[in-house]
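Student: Hey, I'm new to this one. Can you walk me through it?
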Amino acid sequence: MNAAASNAATPQTCLFEAVGLQKEFDDGRVQALRGVDLRISEGEFVSIIGPSGCGKTTLLQMLGALDHPSSGELKYRGKSMLHGLDAATYRAREIGFIFQAFHLLPTFTAVENVQLPMLETTTKASERRERAASLLKSVGLEHRTDHFPAKLSGGERQRVAIARSLANQPSVLLADEPTGNLDSENAVMILELLIRIHREQKMTLILVTHDLSIARQASRMIEMKDGRVINDLRGALRP
Amino acid sequence: MTFPTIIVRGLMRRPVRTGLTLFGISIGIAAVVALVGVSRGFETSWNVGMRTRHIDIVVSTLGSGITPKPFDASVRDRVAAVPGVTDTCALFVDFTSVEDSPMLIVSAREWGGFSWNHLKIVSGRMPNDATEPAVVLGRTAAETLKKKVGDPIQIDIRELKVVGIVDGGALVENGSVMLSLDLMQEITGNEGRINIIDVRVKPGSSEEEIQRVCEAINRVVPEAKAMSAGEHIASSEAYRFVQAMSWSTSLLAVIMGVLGVMNTMLMTVFERKQEICILLAIGWRRRRIMLMILGESALLGLLGGMVGVLIGVLGVKAIHGLPGIRGLLDPDLSPRLFVTSVTISIGVGVLSGLYPAWRSSRLTPSLALQG
Ligand SMILES: Nc1ncnc2c1ncn2[C@@H]1O[C@H](COP(=O)(O)OP(=O)(O)OP(=O)(O)O)[C@@H](O)[C@H]1O
Ligand SMILES: [Mg+2]
């Protein structure tokens with residue numbers, strides 16, 4: 001059973017709905033998004049691909065409520081993201097972010113980095129520590145819990161970052177070129193890890209990449225150019 | 001990991017800078033402790049001096065200068081006649097340098113007046129009469145001047161003899177040079193003039209009764225002012241000057257502390273811009289970011305305050321040990337002063353953290369995704 005068939009068989013809850021989404025920077029001198037229309041359903045694995053500067057990161061920022069669109073409508077589970085949701089709560093509970101540059105905090109150990117998002121949601125410190133340790137174990141880093149980021153390899157750092165993104169059991173993982181700073185061996189490992197999480201936890205995964213071979217792992221591939229979606233492919237993407 | 005851990009970690013990331021900032025605040029707080037402690041101590045020991053001599057009211061012109069202006073000795077008779085006054089003693093007191101010692105109280109007392117009564121002889125004797133060219137020294141004054149019984153001592157232009165060393169039971173008394181009023185008037189050319197009248201009222205009088213006697217004295221004595229012993233020191237211009245100096249120096253120190261901490265916290269916010277954006281991106285509320293920055297600066301204040309109290313106490317102890325100063329200082333290093341100082345210091349921390357915290361909360365999380 002391939003991904004396209006499963007999409008067709010079961011009607012899915014619509015998670016994101018973007019209509020005419022635009023984003024300008026520098027008083028309109030830069031138009032990063034020029035009207036994006038998009039629906040993403042719960043449980044999908046979507047890759048976003050396109051040349052540098054086409055607006056992939058900007059789109060991810062809108063989906064993650066890190067920034068507001070200049071115009072257009074963006075809804076999450078039918079609620080307007082601008083008016084219907086509290087951005088901080090949304091970011092803390094619904095979204096897990098994974099960055100190209102890992103973005104771990106250097107003054108905190110692996111297990112502490114994983115706990116950082118939990119400060120907004122979990123009150124008991126012992127519970128936080130326990131869950132962070134088990135998340136690190138699930139990404140294969142149980143032997144690195146008390147290491148500072150500087151003492152970890154790139155692949156290990158990204159695995160800590162993935163564990164951190166899962167801290168509050170989000171609905172969506174947003175990954176912006178998560179393998180961009182890694183060698184091919186580690187890149188494969190990280191990608192497999194993300195796909196495993198998507199499968200096992202039915203988590204929606206939206207992954208931005210330059211790399212067509214990575215993009216083809218997804219069940220749906222969105223191609224962007226100059227701030228617009230120019231292609232939206234579903235189904236068997238793997239050559 | 002708890003929120004306080006995060007705050008501590010924030011300060012520990014730049015130990016040298018944190019240390020220097022801490023040192024900066026603690027010097028300010030040390031100044032507060034030392035100056036306020038010394039001026040309060042001066043007030044307390046003055047009041048203790050009044051009580052051991054059983055002085056209820058002081059009539060003088062102390063409000064007008066470092067040493068009170070002289071007035072005619074006949075004022076004493078008018079004061080003595082006021083109903084409620086039971087005893088009086090006329091004095092001529094000067095705050096002046098004696099030989100090598102820069103500042104000593106030279107206290108000339110009416111021969112036979114009650115202000116001689118409580119002095120206990122440690123060695124030697126009291127002067128024989130009002131005109132013998134002799135002085136007695138309080139214990140600390142004797143130490144400061146390095147004099148013993150039999151030594152000569154120069155007062156103004158006259159050489160007198162130390163005939164006794166006494167214990168007056170209070171710091172002010174022990175730091176004084178005491179002699180007969182007649183002798184002092186003669187030496188300084190102030191015949192018939194005095195500048196302080198110590199007054200006693202009926203034992204057990206209430207503060208209100210004392211106030212009423214003061215008012216009665218003030219009606220008949222326009223040349224000087226009667227004040228209850230407690231009020232007296234607080235209203236002295238010299239004391240007020242010292243107090244104003246100590247508070248304004250403290251204020252300056254506190255302002256320097258605020259600027260130092262604010263600078264450090266602003267630096268830390270700028271330096272951690274990206275980290276703050278990441279925290280926002282992973283779901284931290286702006287309020288929590290502000291609390292983190294405020295927490296760090298408050299903790300700086302707390303630690304700086306504690307170190308400052310320590311430095312202040314050690315500093316005062318060191319100054320107190322200096323020979324010329326022993327007789328003049330009895331610093332009031334009470335726990336209350338410590339608590340006040342540390343509270344001020346925490347306040348400094350919080351105050352200086354407000355602007356950096358506000359700045360940190362205005363960062364946008366999207367910065368985290370770029371670069
Ligand atoms: N904060 C900003 N201020 C000004 N211009 C911006 C800002 N963020 C993005 N841009 C511009 O918007 C456009 C889209 O940027 P974006 O980062 O979304 O591209 P991208 O597709 O992620 O590129 P890359 O593959 O290189 O990461 C670019 O021209 C970029 O220069
Ligand atoms: Mg990008």
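Student: How many residues does the contact take from chain A and from chain B?
Tutor: Chain A gives 29 residues and chain B gives 23 residues, where contact means heavy atoms within 4.5 Å. Before we go on, this is a predicted model, where local features need pLDDT of at least 70, side-chain atom pairs count only at pLDDT 80 or more, and totals for chains, interfaces and linings use all residues. Residues are numbered from 1 along each chain as its sequence is written, chains are lettered from A and ligands numbered from 1 in the order in which they are written, and side-chain values use heavy atoms, with hydrogens and water left out.

Student: Okay, what area is buried between chain A and chain B?
Tutor: About 2,500 Å², and carbon and sulfur atoms give 61% of that. Buried area is the accessible area (1.4 Å probe) that two parts lose on being put together, summed over both.

Student: How many salt bridges are there across the interface of chain A and chain B?
Tutor: The rule finds four, counting a side-chain nitrogen of Lys or Arg within 4 Å of a carboxyl oxygen of Asp or Glu. One of them joins the side chains of Glu112(A) and Arg9(B), at 2.7 Å from N to O.

Student: Which helices of chain A supply residues to the side that touches chain B?
Tutor: Helix 2 (56-63), helix 3 (87-93), helix 4 (110-115) and helix 5 (125-138) each supply at least two residues of that side of chain A. Helix 3 of chain A has the largest share, four residues. Helices (H or I, at least four residues) and strands (E, at least two) are DSSP runs, numbered from the N terminus.

Student: New topic: what is the strand order in the open sheet of six strands in chain A?
Tutor: The order is 6-7-8-3-9-10, with mixed pairing. Two strands pair if DSSP finds at least two bridges between them.

Student: Which strands stand at the edges there?
Tutor: Strand 6 (95-98) and strand 10 (228-234) of chain A; each has a single partner strand, so one side of each is left without a neighbour in the sheet. From one strand to the next, the twist averages 15 degrees.

Student: Is strand 6 of chain A parallel or antiparallel to strand 7 of chain A?
Tutor: Parallel, over four bridges, with strand 7 covering residues 172-176. In that pairing, Gly96(A) has Leu173(A) as its bridge partner.

Student: What packs on that sheet?
Tutor: Helix 6 (residues 154-165) of chain A does, touching strand 6 and strand 7 of chain A, and its direction makes about 170 degrees with that of strand 6. Axes are lines fitted to C-alpha atoms, for helices over the stretch in contact, and angles run from 0 to 180 degrees between N-to-C directions. Helix 7 (residues 184-201) of chain A lies across strand 3 (45-49), strand 6, strand 7 and strand 8 (204-209) of chain A, at about 155 degrees to strand 8.

Student: Over to chain B: how many bridges pair strand 3 with strand 4?
Tutor: Seven, in the antiparallel sense, with strand 4 of chain B at residues 101-109. Val93(B) stands opposite Ser107(B) there. Their hairpin has two residues between the strands, and Glu99(B) takes a positive phi near 50 degrees in it.

Student: And what does strand 3 of chain B do with strand 11 of chain B?
Tutor: Strand 3 (residues 85-98) and strand 11 (residues 196-201) of chain B pair in the antiparallel sense over six bridges. Thr88(B) stands opposite Val199(B) in strand 11.
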